[in-house]
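Hi there,

Here is the structure I promised to pass on.

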Amino acid sequence: MKRVILGVAMLATIGLVSCKNEAKKETETKEVQTEQTTTKEVVMTDATFGVRGNCGMCKSTIEKAVNGVDGVASAEWNKLRKQVNVSFDGSKTNVDAIHNAIAASGYDTDKVAGNEEAYGNLPGCCQYDHGMEMSLKGEVKADETSNH
């Protein structure tokens, strides 16, 4: 009988000690993970360049193409000036990648010609004149016929 009681006592002691060690290991792991957390400062880059287009549907397509590039924070195409303003993380992308994304959607930029197949699939109102000026300066008059 003494052996049974002694055996049960030993098993209980071993069980309690191992549970205590497991709890201690979890606490140590959490502390290590907290110490390894680092913050990375992101420096945003702004760029403005010309993009041909005609209407609000063009605006939507151009901005969607730019925002689809990893690292782009914001994009706004100005229909009247025929230019896009982009803010992006320079460690994730660059201006050339943004030009290429716009060109792949069918629009010419001031560096890259638009993809001809994608241009052909644009709605009729979005098929712009390839000789159109971009990045217009000074006063620009609103075009009343292209409010799509």
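Below are some notes on the strands and on one helix.

This is a predicted model, so local features need pLDDT of at least 70 and side-chain atom pairs count only at pLDDT 80 or more, while totals for chains, interfaces and linings use all residues. Residues are numbered from 1 along each chain as its sequence is written, and side-chain values use heavy atoms, with hydrogens and water left out.

Let me begin with strand E3, residues 83–89. (Strands are DSSP runs of E with at least two residues, helices are runs of H or I with at least four, and both are numbered from the N terminus.) Of its 7 residues, 6 are buried, meaning under 20% relative accessible area with a 1.4 Å probe, protein chains only.

E3 pairs (at least two DSSP bridges) with strand E1, residues 44–50, running antiparallel through 7 bridges; Met44 has Asp89 as its bridge partner there. Strand E2, residues 72–78, is also antiparallel to E3, with 6 bridges, and Ala75 stands opposite Val86. The hairpin of E2 and E3 has 4 residues between the strands, and Lys82 takes a positive phi near 55° in it.

Now for helix H2, residues 56–67. Its buried residues are Cys58, Ile62, Glu63, Ala65 and Val66. They cover an arc of only 160° around the axis, so they lie on the same side of H2; the arc is that of the directions from the helix axis to the C-beta atoms. Their cover includes E2, E3 and helix H3 (95–104).

Best wishes

Conventions. Buried means under 20% relative accessible area, exposed over 50%, partly exposed in between (1.4 Å probe, protein chains only). The expected span of a helix is 1.5 Å times one less than its number of residues. Contact means heavy atoms within 4.5 Å.
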